[in-house]
Every structure is written in structure tokens, then in C-alpha cells.
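Subject: Structure for your review

Hello,

I am passing on the structure we spoke about. Please look it over first; my notes follow below.

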Amino acid sequence: MKVDILLGLQWGDEGKGKIVDFLGKKYNLIGRFQGGPNAGHTIKFNGNTHVLHTIPSGIFQKKTKNLIGNGVVIDPIIFSKELEKLHEKNIVFEKNLFISRKAHLILPTHRYLDAASELEKGKKKVGSTLKGIGPTYMDKTGRNGLRIGDIESKDFKNKFQALSKKHNKILKKYYNYKNPNQKKDEAIWLKSINNLKKLNIVDGEYFINQNKENKVLAEGAQGTLLDVDFGSYPFVTSSNTVSASACIGLGVAPNKIKKVIGIFKAYCTRVGSGPFPTELNDKIGKRIQKDGHEFGSTTGRSRRCGWLDLPALKYATIINGVTDLVITKIDVLTNLSTIKICTHYEYSGKKIDYLPYELNNKKLKPIYKEFKGWGENISTETKFEQLPKNLKKYIQFLEKELNIPIKIVSVGPDRKETIYR
Ligand code: GDP
Ligand code: IMO
Ligand code: MG
């Protein structure tokens, strides 16, 4: 068995869905290893747009199996809606979609706990997608969680009620929070569990290891700078988003990992709160947001935009052991006369090229290198050599600095708008 990993090197939304779909047919299994419905992975082909939250992005390849790994957290309501949408578009998933018994369930009260925690934090809120991700992972590590395997047991409803009751106590006593829709939400949730029961529930770790011929692509969610250990803590998600997490979240051994494909946008975006050293609060930031359609695929919130941050990107390639790079959304920079890359920061009066412990916008001033832009439309280009000279210079500079080849250049959202080098 051979496992490659594809993951985001920034704050998420790098275009993981598009590239997993593009590479999908080279693999016979795609496995999501962490995160949950906080993710929104967009895939475009044949005039259709699909947004996936929990389902791996290999689902559109007829011969590729898709596994939702034990590291993922699943909201049965959102998941049922995803299945329904695929069904409406005549995408056949019944044979190709598998869920690990050890994946954890997001309860309605996990969502309420997320909301209550954010309300209490006020201005210091994380800017969570409010999908219940944090509280669900807290219950997992706190050894209180409910797992997919539990839905097969006779006393599942009792287990559900016991956990929900515990959450209600916390919500009432600690947060003084009550959701008026709880009864309705819980009834829909329990009904949605039946949709899960109809799917292929497997022991994911056996499933993935049993076939020695398996060529697996592990699909990450979020991005390295949102990792709970290595990201801009506490403004992060609640799972490990880095390559090491693929082993834990799927049950594969580290010696099975071959390529680590790191994906980044030609600029940076971030949804939610937290430091963002190269953020542009000006006309150029607005222009990138508009041309890049930088609005969240899960929440619809506008994404903050800024120049590419090389010290952060280098950091991400080290933590993940990136072997191959993918750059996306380079087309969005077309027609800018000057393009900047942050190569260093000024921090406490010193010039540094690493990420300091405290990523405070006020203390960290980006130092930029400027590049000349290009005006040609590149979305129909199929060969790297044909791209504008200034664009190639920009890419070659990054390759040299990162010392890792950029194997794929994405020049538009569609599956076809992809240059493989
Ligand atoms: P993910 O979470 O990493 O899968 O990324 P999202 O789907 O949340 O966000 C990426 C957005 O950019 C989606 O709307 C994609 O359709 C779009 N996209 C992906 N690659 C490109 C590209 O190269 N150029 C442009 N213009 N859009 C892209
Ligand atoms: P994909 O897979 C971008 C951000 C949220 C918030 C923080 C914590 O599409 O790249 P959470 O809901 O996890 O408690 O939110 O993380 N966030 C994402 N930002 N893309 C994502 O996923 C994200 N998933 C979570 O905006 O700042
Ligand atoms: Mg996304």
C-alpha cells in the first residue's frame, strides 16, 4: 500500500477539493482524515459546482473508493443533506462511500456548546464555523464521545440522551444558554442517523490496510495554520491538520506515506478571527476578494485577503514534510501591476524569516519583495511554458525559496483549468 497526502499550507480554502478531484482517478481510495462540516471543498466540472463538507472529494470518480476516516467528526444532519445533493445530481455514491466505525458524532448540543462558548468569549471569539467541531473533539479526548459504531448498538438512544443531558447541564449552569429548537433539532438528528445506517460502515483501519495494492490519497481539511498545535493558537480549529494527522485519522503507519502534496493559494486568505500578518485592508485586498470570490463555502462569510506569506509557507512545508507543491488561484492576480510576497518580518526591531511564538499583527511587520504583474488571460493555458514571463518568474522564485517543485499550477476553478508539470 502507498499513501500520498494532500493538505492545505495556509488557513484553509486553498483549493484542496479541486485538486483532490483532479488527482482522484490516479488513486483507488481517497480518505478524509480530520475535521468535519467546518470544511467546504468546492469541485467544478461539466458546468456543475459541488460543495462537499464531510464526503471525500474523490466521490465523482467512478472507480475510486472514498473513506471517511476515524479522525473525522460527522454531523448526521449536514451529512444527510450532502448525500441528498449528490443524489439530486445523479452522483452514485452508495458503492463507493465508506465510513469508519470510529469516527465521532456531532450532536446538536455540541453545536450549542460551540455557540455558547463563542458568545461568552465576545470580542475574543475564535470565529468558529459553529458546527460543533471544538466541543466534539473535546468529548473525544475527554472520553465521552459517541461514535458511528455506537449507532449499531441497541442502547444508542440512551447513550445519546445521556450525553445530551450532560451537555444541557453545562449549557444551563455554566453558560446560561438555552436553544429553543432543541427538541426539533434532536428529532431531526435521530432521524438522520437512519441515513447513516444505510451506508457502508467499516473498520476503517482494516479497510484501508487490507488491500496491499491500495493507492491511497489522504485528503486534509482546513490548513496548517489552523492546526491545533502548530497554527495561530487559540485562533485555530480543534484537530491536527498536518500530515502526521493522516496516520492517526485513517489508521495507516508512517512508513506507508510517500508524497506529501502541499497546496497554497498565490495569496493568503483567512475566515474568522486571529492574526494575519500580510492582511490587506485596502483596495487591493478588496479587489482580490472580489476577483477570487473569497466567500466561505461553508458559512458564506467574506474571507480576509492578503499577500503571500513566505515565512509561514516555509514553516508549513517543514511541519508537513512537503514533497510536492500545488499553487492555486494564480489567475486571480492577473492585471495587478505589482504583486508582493512577504519574505521576512520585522519583529522587535529585528529582521526574521521564521514564525515567532506570538503572531501578533501589531508586533510583526511584513517585509515585501515586489514582482511585476502580467495582463494576459491565463485560464485557457494548458502548458507551463506558455504562461506569461512574469508569472513564471514569480513561480520560479517560490520554488527556489521553498526548494520544493511546484508540480501543479491551477489557473481557474474548473477541473480543466489545471496545468500539470
Ligand atoms: P478547499 O476548502 O481547500 O477545498 O477550498 P474551497 O473550495 O473552500 O475554496 C476554494 C475556492 O476557489 C473554490 O470556490 C474553488 O472553486 C476556487 N478555486 C480553486 N482553484 C482555483 C483557481 O485556480 N482559480 C480560481 N479562480 N478559483 C479557484
Ligand atoms: P476547509 O477544509 C477555512 C476556521 C474558522 C475559524 C476556525 C475555527 O474548507 O479549508 P471551527 O469551526 O473549526 O471551530 O473554526 O477555523 N475554519 C476554516 N477556515 N477553511 C476551512 O476548512 C475551515 N474550517 C475551519 O473560520 O476561524
Ligand atoms: Mg473550504
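Helices here are DSSP runs of type H or I with at least four residues, numbered from the N terminus. By that count, Leu-113 belongs to helix H3, which covers residues 108-121. Please keep in mind that this is a predicted model.

Leu-113 counts as buried because its relative accessibility is 9%, and the cut-off for buried is under 20%. Its C-alpha lies 6.5 Å from that of Pro-135, although 22 residues separate Leu-113 and Pro-135 in sequence.

The other notes concern ligand 1. The second largest pocket holds ligand 1. Two elements each give two or more residues to the shell around ligand 1: helix H1 (16-23) and strand E3 (41-45). H1 supplies three residues, the largest share of that shell.

There are 19 residues around ligand 1, and those that come nearest are Lys-16, Thr-42, Ser-297, Asp-331 and Ser-410. Sorted by class, the shell has nine polar, seven charged and three nonpolar residues.

- Ser-410: a side-chain N or O atom is 2.5 Å from an oxygen atom of ligand 1.
- Gly-40: a backbone N or O atom is 2.8 Å from an oxygen atom of ligand 1.
- Arg-303: a polar side-chain atom is 3.2 Å from an oxygen atom of ligand 1.

On its own, ligand 1 has 590 Å² of accessible area, and the protein covers 93% of that.

Regards

Technical notes. Residues are numbered from 1 along each chain as its sequence is written. Chains are lettered from A and ligands numbered from 1 in the order in which they are written. This is a predicted model: local features need pLDDT of at least 70, side-chain atom pairs count only at pLDDT 80 or more; totals for chains, interfaces and linings use all residues. Side-chain values use heavy atoms; hydrogens and water are left out. A residue is near a molecule or strand if one of its heavy atoms lies within 4 Å of it. A polar contact is a pair of N or O atoms within 3.5 Å; within protein, one must be able to donate a hydrogen and the other to accept it, and residues adjacent in sequence count only if both atoms are side-chain atoms. Accessible areas come from the Shrake-Rupley method with a 1.4 Å probe; for residues, only the protein chains shown count as cover. On a 1 Å grid over the protein atoms alone, a cavity is a set of points where a 1.4 Å probe fits but cannot get out, and a pocket is an open set with protein on both sides within 12 Å along at least five of seven lines; lining residues have an atom within 4 Å of a point. A molecule sits in a cavity or pocket if more than half of its atoms lie within 2 Å of its grid points. Ala, Val, Leu, Ile, Met, Phe, Trp, Tyr, Cys and Pro count as nonpolar, Asp, Glu, Lys and Arg as charged, and the others, Gly among them, as polar. Buried means under 20% relative accessible area, exposed over 50%, partly exposed in between (1.4 Å probe, protein chains only).
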